[in-house]
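Have the sequence and the 3D view at hand while reading.

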Amino acid sequence: MDGEELQVLQGTLDVLVLKTVSHGAAHGYAIAGRIRALTDGELQIEDRALYLSLHRLEARGWLESDWGLSENNRRAKFYQLTAAGRRELQREQERWRRYAAAVFKVLDAAPVR
Amino acid sequence: MGMIEGIRRQLRLRLSASDTEQEVADELRFHIDTRVEELVRGGATEAEARARAHREFGDVAAAQAELSAVDRRRVQGERRAELISDLVQDMHFAVRTLLRARTFAVTAALTLALAVGVTTGLVAVVDQTLLRPLPFAAPDELVMLNGVALPERDVRGGSYAEVSDWGSHTNSFTAVSIYNALPYNLSDGAGAVHVRGEMVSASYLDLLGVRPQLGRDLRPSDDVYGAEPVVLISHGLWQTQFGGARDVIGRSVRLDATSATIIGILPAGFRGLSFEADVWLPLLPYAGPTMAEQRGGRFLGALARLRPGVSAAVAEQDAQRAAAALAERYPDTNRDRSVDVVTLRESYLRSGQALTDTRTLLLVVAGAVALLLLIAVVNVMNLQLVRGLSRSGEVAVRHALGAGRGRIVRQLMTESLVLTLAGGTLGIGLAIAGTRAVVALLPSDVLPPYAVVAVDARVIAIALTVVVVAGVLAGLVPAFRTSGERTASELRGSRSGGPRGALLQHGLVVGEVALAVVLLSTAALMVRSLSAQLAIDTGFDASNVTAGRVMLIGDAYDTPGRTRFIEAVTERLRRVPGVADVAIGSDAPLRGNFSASFIAPADRPDSALRYYRHRVTPSYFSALGIPVLRGRGLAETDRDGTHTVVVVSEAFAQRVFENGDAVGRRLVLGNADTVVVVGVAGNVRQRVLTTSLFDPGEDPDVYFAWAQQPVGGLDIIVRGRHAPIEAGIMYAVIQDIAPEIPLFNVEPLATTLSVQTASARFGSLLLGSFGLMGLALAAVGLYGVMAFLVHARRREIAVRMAIGAAPQGVLAIVLKRGLALILAGSALGILLALAAGRVFANLLYGVRPVDLPSLAAAVLTLAACALAATLVPALRAVRTDPQLVLRAE
C-alpha cells in the first residue's frame, strides 16, 4: 500500500481495540499487529495511542488484563474482554453501522439536476 | 485462567504506585523487545532493530507516564470500592454473628444503652448548668457582691448606702446595681395579679446588656426619694395583662400600695436575674425618706460588672478593703461586716436549700455515671474476650485461609462498633425520651433557674463521641487478643488460654467489682442520709395542714383593716366543713419567709443575740401541733394596749436563761421596748430541715402575738380534720372577703416538707438505681469470666473427676478462684469508696462519709451476687460427664 495512511478518528480506536480483543485474549503487540493486518495498513495507529486506549478501556472495566507467557516465551500483559466490554462492543458496532449507513446514503445519492 | 485469575486479583489489589509504574514499564518493554526480535529475524542487526523499534513507538517515557497515571487512578478507585465492600461485608458479618450470639449481643447492647442513656442525660444537665454561657452580655464579667457578717461570713445582704459605697469606693467594677427579688400585688383597676419583681438600680439593665423594646430605661433621676414611682414590665406581662397595647407606656398601675407609671417594656424572653421577674423598679421612690442613708437595714443583693481584665479575686480584695474602711467610718453599723465577691454562675449554684450543693451533687452523679459507663464498657470488653475464646477456632480458620491480622482485627472492631452503636443509639433514644421525666423528678432548687435541660444536637454529638470512644475501647483489646491467638495450636484444638489473657480478664473483673462496690456504697450512704432526714423531728405536725400567703398592703390595710381581714378569714375558714383549726402568722415553717432581729435579756442588755421573729395568732401553736412546754401560749387577750408578750422556743430559753427558766423573764428589743416571756414552745425546724436548733450557729425563734405586731405579709394556715383542705376553697374564701388581695404559694405543708428532702430522695433514687445497675453488670461480667475459666479448665476438671476426685473438691477449685477475684475487687472498691466519700460529705445528713454499715452492705450484697454468678458455671462443670469432655478433646 503506498498512498497516505488515514488518521484514526477520535474515539474510533476504542471500538477497534474492543473488536480485536473480542477474538481472544491478546497482548498489546499482537493487538496492534491484528488491527494493522485487518485494515491492510490503511489506518495509521500509533502504538502509544493504542496502549492508552487499552489502559483506558481497562479502567472503565471493559477489558481486564493478566500477565502470562507470550508465544516468544516472555512475560506479557494479556487483555481480554469483560462481559461489560462485550456489551459495549455490541452497542458501538451498532452505532457505527448506523452512522456509516447514514453517511453513505448521502454520499451515494444520485446527483440532483 | 480461573485459578490464576483469583490469585491475580489478590495480587493486583495489593498494587502500590511504584508497582503500577513497574507493570507499565514491563508491558512496554515487552512490546519493544518483541518488535526488535521480529526485525532481527528479518535480518537487521540488534542495534538497528532497537533503534527502529523505538522510532516507531515514539516517546516511551511519555507514554509510560501517561499510562501509569491512568492505572493509578484505576487502582485507587478499585481500592476504595474494595474498602467499602469490605466494610459492608464486615458490617453484614458483624450483624450476622451478633444475631447468632443473641444473648451476648442483647446483654451487651442493653447494658450499654442504659449506661449511655444515663450519660447522655447527665451531659445535658451538666452542659446546661455548668458549661453554657449565661444568657447575658459578657456573662463572665458579672459578679454578685454579698454583704456578709463576720466571722462566719453568713450572707446578710447590704443596705442601699452600703451598695452605693461598694461601687464608688472601688476601682474594680464598671457599675454596681442593687438587686432584690420581691413579690408584688399588681393591679390596674380591673383586678389584681401576684407578680415577681426585682428592685434594681438605673444601671441594672445596662449591666446585663438589655434595652427596653418599648419606652425607656430607668434613669438615676428615677431612683431618688420623692421621685414619681416608675416601673418597667416584662413582654409577657405586657401581653397577658395589657393585651400588648402600645399606649401602655405612661399608664398608671398599683404595685402593692404605690401607684406607679409604666415607662418601658423589656424584650420577650428577658425575666431578669431571677428568670421569673415581671416588673422592675427602683428602690428609693417606693421607700421611706431614710432609706438612702440608713446603713443597718441590710436586705439587698448587688450585681456588678468587673472591669475588663480584673479577676473576681482581685475585685474581692478591692471590695473588702472598701468594706473595712466603712467599718472604721461607721462602727455602729459596719463593725464585723464585709463583702464577698462571687461570680454570677457561682451565686446561682450556691443558692437553694441546704444539702443541695448543686456542683457537688452534679460531681457525685457524674462520677457515678462515669463508673457505670466504665463498668458497661469493661463488661462488653469482657464478654467480647470470653466470646473471642469460644470463637478462636473460627478466627484461626480465617487466619489460615489467608485473612491478614489487620483484616481480622478490623472485623472484630466492626463487631464492637456495631454493638456499641446499637446500644448507644438506643441509649441516646432513651435519654431523649427520659431526660425530661428524670429532670421533672429533680427538686426545684437543685438546678439553677437558667438551666432548661433538654437533649439537643450538641448533647447528642457529645454522647455519640462517647459511644464511639466506648466502642473502640471495648473492641480494641479483645480484637488484638483474639486475633493474636497462635493459629496452629488453635487448629490443633488445645485451647490453653494464655496467662496473659487470663490476667487481663481477671483484672477487668476485679475492676468491675471494685467500681460496683463504690456505686453500691455511695447509694447506701445516700439512702442512710435520706432515712436520717426522714426521721428528723420537725417539731410540728405537717399532716393535713395547708398554707397560702397574702400581702396586706395598701390604704385599706392599716391595722384595723388587717385585723378585720384576719378575723374574717379565720372565722370563714373555721366554718368550712372538715377544717379543724385555722391560724395566721407571719410565716409557717419551711416556707422561706422569715425575718430576724436582735433581742437581749433585760438584765444584760449588752448580750444581745440574733433571733428569728414570728408574729402569730394564738391558734398558731395548736394548728401546727407545736407543744407549749412551759408557761402559756399566746392568747386573744394579748392585743394592742396590753403589755407585749412573747413565747420563746426551747432553744432560746436554753441559750439565754439558766436551766431554760424563761417564763416571766423580761427581754429588751432593738427599739428598747421590753417584752415579757409568757411561755416556752418546742423547737420547730422553721427554716431548714437539717439544721439543728441547738447548733450554736443557728439563731433561735421568738413568737410575738400578731395583734401586738400586725405585719402585712401573712401565711394563712389551715388544718384539715382528716385531709388537707382544697386550695380552691382557700382561694374562694379570700376572693370573697378581699377580691383585691391575691392569694399565692398555696401548698400543703407536707409538700413543703417533702421539698426539703427532695434532694436526698433524688440522690438516693438515682444512686440507688446506678448501684443496682452496676451490681447487675458486675455479676454478668463475673459470670462470663467464670464460665470461661471453667471452660478452659474443663479437661483438667474432667481428669480429676475421672480419677475419682470428689465434686466438692473440684467445686472448691473453681470457687476459690472466683472468691479471690471478688475479694480483690472488694478491697480495691473499699479503698475507692473511702476516697470518693470525701467528695460528697456535704450532701450527707446524719451519716459520715466513712460509714461501716454502708460499706458492709455494699460489699456483702456484691459478694452474694458475685458468688452466685460464680457458682452457676462451677456447678455445671462438676455435673458434666468427664468421659464426654475427654473424648471430645
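**Where the two chains meet**

Across the interface of chain A and chain B, the rule finds six salt bridges. The model is a predicted one. The points below start with this interface, then turn to chain A and to two residues of chain B.

**Charged and polar pairs**

- One salt bridge joins the side chains of A:R75 and B:D26, at 3.4 Å from N to O.
- This pair meets the rule because a side-chain nitrogen of Arg lies within 4 Å of a carboxyl oxygen of Asp.
- Between chain A and chain B, 12 residue pairs are in polar contact, with both residues at pLDDT 80 or more.

**The side of chain A that touches chain B**

- Four elements of chain A each supply at least two residues to this side: α2 (28–38), α3 (47–59), β4 (63–69) and β5 (75–81).
- The element that gives the most is α3(A), with eight residues.
- Sorted by class, this side of chain A holds nine charged, seven polar and seven nonpolar residues.

**Extent of the interface**

- The size of an interface is often given as the accessible area lost when the parts come together.
- Chain A and chain B bury about 2500 Å² between them, and 55% of that area is on carbon and sulfur atoms.
- Chain A brings 23 residues to the contact, and chain B brings 28 residues.

**Chain A as a whole**

- Chain A has four helices and five strands.
- Read from the N terminus, its elements follow the order β-α-β-α-β-α-β-β-α.
- Chain A has 113 residues, and 40% of them count as buried.
- Its accessible surface comes to about 7100 Å², with 53% belonging to carbon and sulfur atoms.
- Among contacts in chain A between residues at least 6 apart in sequence, 53% join residues at least 24 apart.

- Most residues other than glycine have a negative phi.
- B:D336 is not a glycine, yet its phi is positive, near 60°.
- B:D336 sits in the loop between α10 (331–334) and β11 (337–343) of chain B.
- Its relative accessibility is 45%, so B:D336 counts as partly exposed.
- B:N659, also not a glycine, has a positive phi of about 60°.
- B:N659 lies in the loop between α20 (650–656) and β18 (666–669) of chain B.
- Is B:N659 buried or exposed? B:N659 is exposed, because its relative accessible area is 69% and the cut-off for exposed is over 50%.

How values were computed:
Residues are numbered from 1 along each chain as its sequence is written. Chains are lettered from A and ligands numbered from 1 in the order in which they are written. This is a predicted model: local features need pLDDT of at least 70, side-chain atom pairs count only at pLDDT 80 or more; totals for chains, interfaces and linings use all residues. Side-chain values use heavy atoms; hydrogens and water are left out. Buried means under 20% relative accessible area, exposed over 50%, partly exposed in between (1.4 Å probe, protein chains only). Contact means heavy atoms within 4.5 Å. Accessible areas come from the Shrake-Rupley method with a 1.4 Å probe; for residues, only the protein chains shown count as cover. Buried area is the accessible area (1.4 Å probe) that two parts lose on being put together, summed over both. A polar contact is a pair of N or O atoms within 3.5 Å; within protein, one must be able to donate a hydrogen and the other to accept it, and residues adjacent in sequence count only if both atoms are side-chain atoms. Ala, Val, Leu, Ile, Met, Phe, Trp, Tyr, Cys and Pro count as nonpolar, Asp, Glu, Lys and Arg as charged, and the others, Gly among them, as polar.
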